[in-house]
Amino acid sequence: MSDTATTTKKDWTSDQEVRWCPGCGDYSILTAMQLLMPEIGTRREDTVFISGIGCAARFPYYMNTYGMHSIHGRSPAIATGLAMARPDLDVWVVGGDGDMLSIGGNHLIHALRRNVNLTILLFNNQIYGLTKGQYSPTSEVGKVTNSTPMGSLDTPFNPVSVALGVEATFVARTHDMDRAHMQEMFRRAHDHNGAAIVEVYQNCNVFNDGAFASITKKDARADMLIELTNGEPVRFGPEGERGVMLDNGIARIVEVDDVGVDALIVHNEAAPDSSVAFALSRLAGDRESPTPVGVFRALDSIDYGAAVNAQLAAAQTEGGGDLHGLLHSLPTWEVS
Amino acid sequence: MTNTDERLAEIREVDRIIVRFAGDSGDGMQLTGDRFTSASALSGNDLATLPEFPAEIRAPAGTLAGVSAFQVHISDHDIHTHGDAPNVLVAMNPAAMKSDLPKLESGGTVIVNTDAFEERNLTKAAYDSNPLEDGTLDGYSVITAPMTALTKEVCKDLGVKPRDAERSKNFFALGLVSWLYTRPTEPTMHWIREKFAGKDLVIAANEAAFKAGHAFGETAELSASRLAVRPAELPAGTYTNINGNTALSWGLIAASQKAGVPIFLGSYPITPASDILHELAKHKNFGVRTLQAEDEIAAIGSALGAAYGGHLGVTTTSGPGVALKGETMGLAVSLELPLVIVDVQRGGPSTGLPTKTEAADLMMARYGRHGEAPLPIVSANSPSDCFRAAFEAVRIALRYRTPVILLSDGYLANGTEPWRLPDVDSLPDISVDFAAGPNALNEDGEHVFWPYIRNEDLARSWAIPGTDDIMHRIGGIEKEDGTGNISYDPENHGAMVDIREERIQKIAESYPSLEVVGVPDADVLLVGWGSTWGAITGAVGRLQRAGRSVGHVHLRNLYPFPNDLGEILKNREHVIVPEMNLGQLTALLRAEYLVDATVISKVTGQPFTAGELVTQIEEIVG
């Protein structure tokens with residue numbers, strides 16, 4: 001940890017040429033990360049980025065850390081092994097909505113429910129970019145693409161709802177138009193003990209341009225983004241005139257003047273039960289209505305690698321294994 | 001009553017006995033066979049076993065599908081297989097009789113639990129009439145006992161409920177068989193007390209049933225049937241009776257200890273490999289980490305992630321799992337990281353025969369990845385040999401930084417044999433060095449780390465996160481040799497394909513010389529791999545005693561082939577390859593060496609017997 005204070009963005013930038021399309025939202029995420037890392041208090045040598053396949057998955061090549069660009073969907077599984085074996089490392093997982101929610105959906109949910117000490121960044125652009133524009137598991141119903149000329153029929157995933165549903169202990173959402181917000185979410189996720197997932201709304205300017213513009217453009221944010229603040233009533237709007245209350249367990253957007261501020265949900269990231277966080281996550285149904293961003297859940301808990309290593313330590317209280325003893329542990333007999 | 005000396009005098013000595021215990025899945029036949037085996041092992045016999053059980057945990061009681069059997073071959077000399085035809089069949093019910101009587105040698109002994117031969121069970125076993133009465137058993141030596149009733153009777157005064165008492169009837173059978181074949185009783189009694197510690201009624205019932213079975217032999221005047229098998233003359237040493245899955249697990253642990261690299265096992269439960277996961281999960285004191293992953297792909301993925309972090313990554317599975325792991329194996333080939341993939345083969349395709357053995361995954365091991373993705377293949381020959389094979393697989397993986405496929409099979413996994421325990425100090429040191437700093441100069445003359453710079457083995461360095469000054473990125477995209485940078489250059493790709501093949505071929509330089517047993521320069525050469533070793537060894541012995549001149553070479557390393565194999569195959573009149581598939585090694589040998597190899601196939605879910613090999617070899621040789 002000695003040289004963390006002395007690094008700059010340049011130290012965290014690899015010598016590889018960045019190969020995303022000009023104007024891609026991934027650039028702003030990469031810059032946010034490279035600027036954040038010098039502040040975050042970890043060594044480059046102890047930092048690993050693991051990715052699968054897709055545009056987002058090129059991310060590790062551009063960070064001057066350890067990195068593995070693996071295969072489609074498998075990054076959470078590969079990272080699980082690394083984090084269990086090496087709890088001393090800072091392991092990040094980067095992938096897109098196709099990588100993590102389609103082909104890798106199984107690995108993502110199990111990494112989350114096991115609470116493996118990973119910081120998972122899910123770049124959600126609601127489209128397959130690298131394969132040239134097919135609909136993804138987060139695309140809206142009716143999406144017309146090369147593979148769905150009459151419109152897609154599948155109900156999309158809401159990644160935050162998925163994460164909360166599979167017992168993730170840290171769940172957040174941010175977007176690529178707000179560097180400071182991204183950095184705050186990445187920092188919080190990194191500092192979390194256990195599996196942390198951040199959904200990043202990310203613009204694909206080639207195949208799905210403007211997918212989030214209705215909520216993330218500067219002049220739309222005050223009305224369309226609901227900033228979650230721990231311990232505060234959930235409210236938004238230029239003057240904070242709107243808010244969210246629970247109505248029979250369902251989150252409803254209301255005018256604060258109509259219901260009074262006391263009727264609003266007071267956000268509690270650390271609530272052991274994720275029901276309210278889940279209700280809030282349901283507000284992101286489409287891009288026409290206000291969408292919560294920020295930390296939905298941050299629950300302190302022991303991470304998987306630590307628990308695994310505690311079992312190892314317990315098994316070794318009387319010293320390490322004795323190979324001779326192992327080989328003689330079943331009944332034996334002598335032949336002379 | 002005869003005195004002890006007279007009774008002992010009646011015991012006939014034989015050089016070997018093959019006993020087959022067969023009953024319903026719920027009758028405890030695996031346990032009975034296992035106990036008989038253990039007592040025989042402790043008496044110093046050589047032995048080999050074949051457990052056979054249905055894939056269903058509780059198949060319908062009394063049916064043919066529900067028959068569970070355990071065959072054990074005990075001997076006073078060195079043996080290699082579970083034997084051809086059993087000499088003795090213990091049939092606990094009609095279904096067991098129906099399915100297993102055809103396996104018994106003609107004139108063999110049948111021991112029957114008569115209580116189970118009632119109308120309902122006979123119908124379930126599709127018997128039109130009672131085989132105990134209709135002449136079915138003519139020509140066999142038959143010992144009948146109402147095992148269920150006698151067991152209930154001795155348990156009556158112990159306070160054991162009749163239903164519970166009935167469950168102890170396998171111990172009656174074990175007691176009777178132990179008496180007939182003069183096995184020591186104390187190991188079994190000791191085992192009962194230990195296994196059921198805290199359950200006093202169960203101990204009492206099992207002990208009573210065992211003693212009753214033992215006593216039954218004497219009182220029913222069965223002395224004429226008593227046989228003894230002397231201890232085998234085996235090389236001096238300490239022995240234990242071990243199955244393949246346990247030996248394989250211990251081999252991995254031993255290799256991990258000798259390498260100084262902790263094991264990380266990622267695994268998904270699958271028959272017949274799960275016991276390796278169970279065994280390794282017990283040994284956390286050796287620093288073993290195990291993950292029961294969400295699927296086969298995550299199992300190998302996590303192992304590869306751990307390997308990237310400097311651990312000995314291992315994944316264990318059977319054929320269906322290997323099929324799922326193919327893409328990650330390709331990644332491991334591309335990343336050039338050590339990894340051990342254990343395939344305990346079973347009957348296929350698809351779900352196939354989960355509890356039956358087969359060795360038809362060789363081509364999948366050799367070619368089952370897209371692109372040119374060579375990796376070494378190691379195979380085990382016998383249950384105890386799984387230890388050495390696992391050690392060899394780890395040695396290759398670590399030294400050459402490559403995924404290695406280790407092939408075992410269901411027969412080896414569950415079969416047992418006595419194993420002369422190695423001195424742990426005699427196991428070779430296979431320790432590894434991790435990259436510690438920069439290894440190249442860039443254009444600007446700066447010290448940098450290039451992940452794909454190679455040593456004399458053509459292996460790249462094992463560079464693990466957490467190390468200063470060697471941060472680097474690797475991935476499945478084609479990379480430039482040396483720097484490891486992404487490269488789509490056609491010439492570079494061609495060169496990398498060649499290097500990946502060449503570096504695997506170099507592994508053969510580290511093999512010991514092949515040994516041809518039997519007559520090394522015989523016109524007839526048997527080439528084997530895997531669990532056929534026992535049957536081939538037995539067949540070679542018989543053929544030689546019959547005056548035939550045959551040689552046998554058994555391959556530990558199936559890829560790359562040993563460098564001296566080509567010479568050994570030359571100038572033979574017959575190259576014969578017995579294998580539990582339709583001819584996969586045969587095809588590889590023909591392709592590699594242009595040799596006219598002939599396959600002897602068996603794909604029935606059953607291992608070869610020496611007898612059937614002798615017959616088929618004689619047919620081929622004429």
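Mentor: With one cysteine. This is a predicted model, and in it A:C21 is partly exposed, at a relative accessible area of 40%.

Trainee: Is B:C155 buried or exposed?

Mentor: B:C155 is buried, because its relative accessible area is 0% and the cut-off for buried is under 20%.

Trainee: How many disulfides does the structure hold over all chains?

Mentor: A disulfide is a covalent bond between the sulfur atoms of two cysteines. Over all chains, the structure holds zero disulfides. For A:C21, the nearest cysteine sulfur belongs to A:C24 and lies 6.3 Å away; the cut-off is 2.5 Å, so A:C21 is in no disulfide.

Trainee: What do chain A and chain B bury between them?

Mentor: About 5,300 Å², with 64% of it on carbon and sulfur atoms. A:Y66, A:L327 and A:W333 supply 17% of the area that chain A buries against chain B, more than any other three residues. The contact takes 61 residues from chain A and 67 residues from chain B.

Trainee: How many salt bridges does the rule find across the interface of chain A and chain B?

Mentor: Two. B:D468 forms a salt bridge with A:R43, where the closest N and O atoms are 2.9 Å apart. The side of chain A that touches chain B takes its largest share, seven residues, from α2(A).

Trainee: Which residues touch the most other members of the largest nonpolar core?

Mentor: B:V527 and B:L585, in a core of 172 residues. Helix α15 of chain B (residues 385–400) gives this core its largest share, 11 residues. A second, separate core has 44 residues, including B:F70 and B:I192.

Note on methods: Residues numbered from 1 in each chain as written. Chains lettered and ligands numbered in written order. Predicted model: local features only at pLDDT ≥ 70, side-chain atom pairs only at ≥ 80, totals over all residues. Heavy atoms only, no water. Core = buried A, V, L, I, M, F, W, Y, C linked by side-chain atoms within 4.5 Å. Buried < 20%, exposed > 50% of the residue type's maximum accessible area, 1.4 Å probe, protein only. Helix = DSSP H or I, 4+ residues; strand = E, 2+ residues; numbered from the N terminus. Contact = heavy atoms within 4.5 Å. Buried area = accessible area lost by both parts, 1.4 Å probe. Salt bridge = Lys/Arg side-chain N within 4 Å of Asp/Glu carboxyl O.
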